[in-house]
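Here are a few friendly notes to read alongside the structure. Please keep the 3D view open and find each residue as you go.

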Amino acid sequence: MATQAGPTRMGRPRTWRLVALLLLVAPVSAEYLAAYDPEVTGQVWQLVGGLAVLAPLYGAPAVLIHEVAARTAMHWTGILTLGGAFGVLQAGVVDQSLFALSYLGYADWGTWVAATMITPLGVSGAFALNFLVGHAVWSIGAPVALVEAFDRSPARRPWLGVPGIAVLSVLWVLASVVVWRDIRDAGSDQASVGQLVGAVALAAALVVVACTWGRRPLPTPTSARVPPPGVVLVVALALALGYGFVPGTWAGVAGGITILAVAAVVVVRWSRSATWGRRHVAAVAGGAVVARAIGGFVTVATTTPRPPGGFAQNVVLLVAALALVAAALARRPRPHQEALSPLV
């Protein structure tokens with residue numbers, strides 16, 4: 001058994017397996033499913049080698065956010081808000097893609113940014129939305145939800161002790177420095193001092209929201225019926241696909257926000273039911289992850305020149321995503337209510 005102070009000695013082998021799984025799932029969900037980088041897409045050994053940096057870059061913060069949530073009674077609103085804070089730091093400070101007008105040789109980057117440019121901030125509205133939501137959902141939220149489905153404990157519990165948390169924190173910082181130096185040396189645009197300060201301030205504000213609003217007492221569970229996890233998965237998949245294919249225009253931003261609002265209302269209402277559990281949460285996450293894997297096919301098909309082996313990567317990762325989601329949903333229900341807090 002585990003306590004709020006940390007896992008017991010007997011629980012560590014299993015919790016370390018969960019940590020290892022999340023260290024793998026988070027970077028694959030964040031980066032490889034989307035197949036957006038033609039330089040590594042379809043290149044098996046580059047993909048494997050890239051995990052040496054991407055696992056601590058994405059997996060470490062995912063594990064650390066789980067640990068914070070387990071130790072502070074933080075629910076999913078807090079976890080997703082911390083994921084948003086991570087996204088602001090990642091895109092605004094580490095790789096600075098949020099503020100770049102040109103980036104890593106992407107020929108159309110400037111055109112994409114210009115379509116929804118907010119001139120006073122030097123930020124693309126479409127990029128800001130996609131980076132914030134993308135990291136909150138696909139880098140942090142969905143991987144945490146899927147891996148937590150394999151935890152036998154009826155409630156969220158810590159997986160690591162203080163030494164493990166310290167090690168992952170150091171690895172995250174080191175990976176972030178590696179990426180920052182690589183981006184800088186590649187000649188991509190760098191953020192201004194004002195933009196960096198603004199990004200850090202926004203991330204700090206999101207952390208405060210997560211630690212307050214994200215820990216508010218949950219409403220009393222209702223007796224309302226919710227669909228089975230399979231139906232929840234299909235609904236989440238449809239909404240995630242819709243969000244994934246909105247164009248990078250102001251109309252697309254409005255459409256994306258509308259889809260997110262609909263998803264939030266539906267999931268929050270379902271999650272207030274006493275019959276809502278981890279399998280339902282995993283179904284929401286599974287729909288998001290499978291949608292991202294499907295979107296990877298479109299990315300490869302529209303990339304010129306088309307990366308060799310790109311479709312093979314898409315197929316392998318889609319099958320892996322489906323297998324992971326199926327395994328998560330196959331876990332027997334646990335007597336634990338894990339509702340989202342109100343979002344309004």
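1. Let's start with R71, which sits in helix α2 (residues 44–72); helices here are DSSP runs of H or I with at least four residues, numbered from the N terminus. R71 counts as partly exposed because its relative accessibility is 29%. For burial, the cut-offs are under 20% relative accessible area for buried, over 50% for exposed, and partly exposed in between, using a 1.4 Å probe and protein chains only. A polar atom of the R71 side chain lies 2.6 Å from the backbone oxygen of L160. R71 and G214 are 143 residues apart in sequence, yet their C-alpha atoms are 13 Å apart in space.

2. A word on the source: this is a predicted model, in which local features need pLDDT of at least 70 and side-chain atom pairs count only at pLDDT 80 or more, while totals for chains, interfaces and linings use all residues. Residues are numbered from 1 along each chain as its sequence is written, and side-chain values use heavy atoms, with hydrogens and water left out.

3. Stay in α2 and look at H66. Is H66 buried or exposed? H66 is buried, with a relative accessible area of 1%. Its side chain reaches the backbone oxygen of R157 at 2.9 Å. This is a polar contact, meaning a pair of N or O atoms within 3.5 Å; within protein, one must be able to donate a hydrogen and the other to accept it, and residues adjacent in sequence count only if both atoms are side-chain atoms.

4. Q195 is buried, at 17% relative accessible area, and its side chain reaches the backbone oxygen of L121 at 3.1 Å.

5. Now follow helix α5 (residues 125–148): its 24 residues reach 33 Å from first C-alpha to last, close to the expected 34 Å. That expected span is 1.5 Å times one less than the number of residues. Where does α5 bend? The bend, about 40°, is at G141, and P143 follows within four residues; the angle is taken between axes fitted to the seven residues ending there and the seven starting there. Of the 24 residues of α5, 19 are buried, so the helix is largely enclosed by the rest of the structure.

6. Helix α3 (residues 76–94) has 19 residues that should span 27 Å, and its end C-alpha atoms are 25 Å apart, which agrees. In α3, 16 of the 19 residues are buried, so it too is largely enclosed by the rest of the structure.

7. Finally, some backbone details to check. Most residues other than glycine have a negative phi, and most peptide bonds are trans. A35, in the loop between α1 (12–32) and α2, has a positive phi of about 55°, and A35 is buried at 5% relative accessibility. A73, in the loop between α2 and α3, has a phi near 60°, but A73 counts as exposed at 59% relative accessibility. Just after α3, Q96 takes a positive phi of about 55°. The peptide bond from T304 to P305 is cis, with omega near -5°, and P305 lies in the loop between α10 (278–301) and α11 (310–330).

Terms used
Helices (H or I, at least four residues) and strands (E, at least two) are DSSP runs, numbered from the N terminus.
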